[in-house]
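I opened the model today to look up a few local features.

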Amino acid sequence: MFDIIFGYRLLLKNKIQSLVIMSGLALLCAILVVVSALTPSILSQKPTWINSESRHVTVGVTGHDQRMQPSSIARLEQLQQLPGVANISYLGQINTPVRVAGKTVTASIILIDFQLLQKSNLVKSTNDIHFQQQVYISKDFARQFSHALPGEYLTLEESNLALEVAGYLPDSLHNIGIWQADILLSVRHFSGLVKVNFANGKLETALLNRIKNQLAREMPSFIGIAELTSGYTMADIAAHTPDKRENTGNLSLSTNIDNLAPYFFPGIEFAPEAKKQLLRQWWLLLILAISFAVMNSLNLLTMNFSKLLERTTELRLRLSVGAHYTDIMRQLAAENLCLIAISGALGLALAAGTFWLTQNMLPELHLSSGIMIFAMLLAVVLIGTLVLLSAWLPMFSILRDNLFNRSKSQQSTLIGRWLSKINVTFQILVAGVVLSLACGIFSAQWLSLSNINLDTSIQQWSVIPDQTSGERKHLLPKTLWQQLQSENAQVALSQDNTIKPDSLTSEISLYSPDEPTANLVNLLSVSSNYFQLLGVSFLSGTSVAEQRVVINNAAAHLLGFPNPDAAINQRLFIRNAYLLGLNEQEPIFIAGIIENLPHFGTLNKHTPMLYADIAMLKQTPAVTVLVNPAEQHTLYNGVNSLITANDPYWSLNFDGSIQQQLQYENRYLNQLTLVALTLATLLSALAGFSLYYQINADALQQQTRFGIMIAVGASGLHILKLLMSSLASAFIVAVSLLAVLLLIFQASFRVLFTEYSVSLLQLLVVIAMLSIIMVLSCIKPFIKTLHNSAASLIRGS
Amino acid sequence: MADYLLKTENLSKVFGKGSAQTYALNDISLHVETGDFIAITGPSGCGKSTLLSILGLLDNPTSGDYRLCNRNIRQLSNYQKSHLRNRSLGWIFQNFNLICDMTVLENVMLPLRYTKGISAAQMKKSAIECLQQVSIADKANSLPSELSGGQQQRVAIARAIVQHPDILLADEPTGSLDSENAEQIFQLLQKLNIGGMTILLVTHARELAERCNRIIRMKDGQLCDTEPMSVAPDHNSLYRA
Ligand SMILES: Nc1ncnc2c1ncn2[C@@H]1O[C@H](COP(=O)(O)OP(=O)(O)OP(=O)(O)O)[C@@H](O)[C@H]1O
Ligand SMILES: [Mg+2]
């Protein structure tokens, strides 16, 4: 007990240093907790609810944002024929009205294969036939009703089919990858849920069912999970999968997912992109945790070493009066208990906060409190071990064999000096790595935001079907949007939002639409004043017109034009020209080349685009109206009166300015930057403090030396030189290590943070920042040395 | 009137502030001529080391004047003081104060490093010469921790004389040594004095003090009297200040 109080007094003796060490340990503790709590859920390649260990591949299509999107059954079925695929299960989603307990509500229905359900082992259903007569509901969904639903019947409005509510979905099935589940249903009911409206009269039921069946096969609502036979890998499957679906059968449709490349993911994974993003952060955390751990242990080790060095006589005395090594170990442990307790408590509080945040922001991770408690225990044990080891190790080196041997103590000062050198080097290195990472991310972010070449104040409004009106319309009357445009020259139209267009794609080519090297571009219909209003200048040529399209620079590169001018008036073949309302019989020409615009977010700026005149469109489900902020009010009134006069079932919705939307698209990047910058500041502040204390402690130990030097005629300048030069070696080692690390890991940093870029200039900035920290750390001991008289330095007061 | 090598007037040194103030030195006036071999004695805590530190420019007086080599030290810049310490003063301490991670040779070369325009070879040559003078040249490449106390003190003396200073300041150089080693060190100092070096020696050993050509006795920070040396009278007057 006395030892604990003594340890507390030791902590108070050097408050700031203790504070630095404690906050370092607390941060380490928090990071350890988060890393270890996240690890199982991030590293597992299958959702936690699949037990089967067999080899799976998840298949979808690659969306414009390079993420997995659902494919269609028709397309996934093709996989079944491939060698190596044992079977394929489907998982899909559809929103549809259901009637239960006298109430009709729209529910998100997850459609699942019986095979897949069996693999999950979570919902007990004896066989497929049985499962086809049942539904499982989520507890969230059930909360809308006043009484327990299991045992009741639920009717699918669309197919008028009544199914028994067999039970609740387990918590782990509430979020299935990219979808939220209200109701779990056999995939076989899907075609019944497809809604088909024919304007005039009823079709024959048999024909209607045929159409519904065909539509169900073509709708992009499904992810496939292929089970591989042994000896096959994902690569084999990917190599044999056709990029496009063969159109066979008499009743076939062409849907826009047919143009998208297939997406493969090893293992069972429904939101691989989201997890991949997390994986990056996990790596970042892991690297941080490791460097924090090394940093802290070095700090602790050097601190304890110099403390013990001062106490050598005391410890030897204790040994000489009969204390055993274990007694001294116990004493040191007790002295450090305070440190462990305070920093552990701080760390756990921090970790709990982080954990709570993570759980709220990323519910798909399924973090359980069991894991959390385990992680907390683990972190505390680790921190305790770290502190104790750092207290005991120096003891062994100081008290090794001969108790009162002078040259031994010389050796331990040597060890101490090496330790402090390594510590200083490492602190500089950590600060350097962290600062250059932060600089890299920050500058990439800055560049991507400052390089936006359009007027970001432009406001966007969308004219869409009025969701609240009972009578739903699906196509906007052309007269309406024609009128919109002719009303005001300050108004431009596009088929969809500029920043996040739900764009269709098509192959384009200079020679023939069917050539194999045709390039995929995104299509967008815009009015001819669209570019002018956005303030984008043409690299060459003029705006869109009848049978004349504009492509962006990325598309021009794809088509292989040596310069923008070369593209003007070239004939272009567009496979899906009809999607743009263009006449496929007549030739289509390139009217102009435009800079790359930040469609799909700033980071996807290089998406190849093709723009055509919106006037050519025969119909569209919605349009986006772009307007100068100054004209906004007039537009609002004008459009509203237009809508009321023409067709009251359309409404005008505000989508925000281009700037707001860009910010929204960049939010993850912003968060990452914020986290990186905060951590960088914290880490480099910690490293700076440790550096400062280490240099101070070293200088203190060297006081006698400085005194002697002054006695033999060294001036203040010489002392400063000595102080600096002892650091210079550490500095040079650290900076060269930093340069090597950055060079080696630059590629992985890029993978880790898409938004990372490093340049020589940044490295220089980082080195300058480090030098400032170093010089600042030198100044205090220097002034102290000069302030004291040489006589007292030598006496060692 | 003769130029004194070193001269103080009403030199005082106060440590601490307020009620904790102690006069370590009180009104010390003395002077030293070239070739003097002076012993400073007195009870422990009387201010001998403090006086020596001030004379050796390791500390500044609180008040009073101090002229060294005809220069008022108050008017010297830090840089000039360093220069004086380097060229004109040599220090020997009771606990040797060798730098433990430098070899004997490097320790002796240390003062030369703070002098401009000396090549490494020259440095080494002068250092070896000095080590030979104190008969310890064979240990040139050892570390101080590998030497006995007497040997370490010889190294310290070699370091003190490597620049051929005008004055050698020795604060109890024999205090940590047995009588045999102490005698050897004292003889070394006598040899240097005969060679023309001025020496100020703080010592508790009466028999050593009496072999110097002048003794300054101190008590409570003041000079009490000076005693004529029992041996070897020389050209200097007995009493000054
Ligand atoms: N840095 C200091 N701060 C406060 N007081 C000091 C300091 N240095 C010396 N003193 C005081 O000045 C007085 C003279 O000290 P000094 O070291 O000169 O004595 P000394 O004669 O050399 O003693 P000794 O024979 O024991 O070496 C003492 O009373 C001491 O307490
Ligand atoms: Mg003394």
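Predicted model: local features only at pLDDT ≥ 70, side-chain atom pairs only at ≥ 80, totals over all residues.

On the α3(B) side I listed B:V104, B:N107, B:V108 and B:P111, which meet B:V155, B:A158 and B:R159 in α5(B). Sorted by class, the residues of this contact are 5 nonpolar, 1 polar and 1 charged.

Next I took the geometry of the pair. Helix α3 of chain B spans residues 104-113 and helix α5 of chain B spans residues 149-161; they pack at an angle of about 30°, and their axes are 7 Å apart. I noted α3(B) as roughly parallel to α5(B), because angles under 35 degrees count as such. The crossing of α3(B) past α5(B) is right-handed.

I then turned to backbone angles in chain B. B:F96 is not a glycine, yet its phi is positive, near 65°. I found B:F96 in the loop between β6 (89-92) and α3 of chain B. Is B:F96 buried or exposed? With a relative accessible area of 11%, B:F96 is buried.

B:S135, also a residue other than glycine, has a positive phi near 50°. I placed B:S135 in the loop between α4 (120-133) and α5 of chain B. B:S135 is exposed, its relative accessible area being 53%.

Last, I went to chain A. A:N336 lies in helix α12, residues 325-361. I logged A:N336 as buried because its relative accessible area is 8%, and the cut-off is under 20%. Leaving out residues up to four places away in sequence, A:N336 touches A:N304, A:V387 and A:A391. A:A391 is 55 residues from A:N336 along the chain, and their C-alpha atoms are separated by 7.7 Å.

Technical notes
Residues numbered from 1 in each chain as written. Chains lettered and ligands numbered in written order. Heavy atoms only, no water. Helix = DSSP H or I, 4+ residues; strand = E, 2+ residues; numbered from the N terminus. Buried < 20%, exposed > 50% of the residue type's maximum accessible area, 1.4 Å probe, protein only. Contact = heavy atoms within 4.5 Å. Axes fitted to C-alpha atoms, helices over the stretch in contact; angles between N-to-C directions. Parallel < 35°, antiparallel > 145°, perpendicular 65-115°, else oblique. Left-handed = near helix turned anticlockwise from the far one by under 90°. Nonpolar A, V, L, I, M, F, W, Y, C, P; charged D, E, K, R; others polar.
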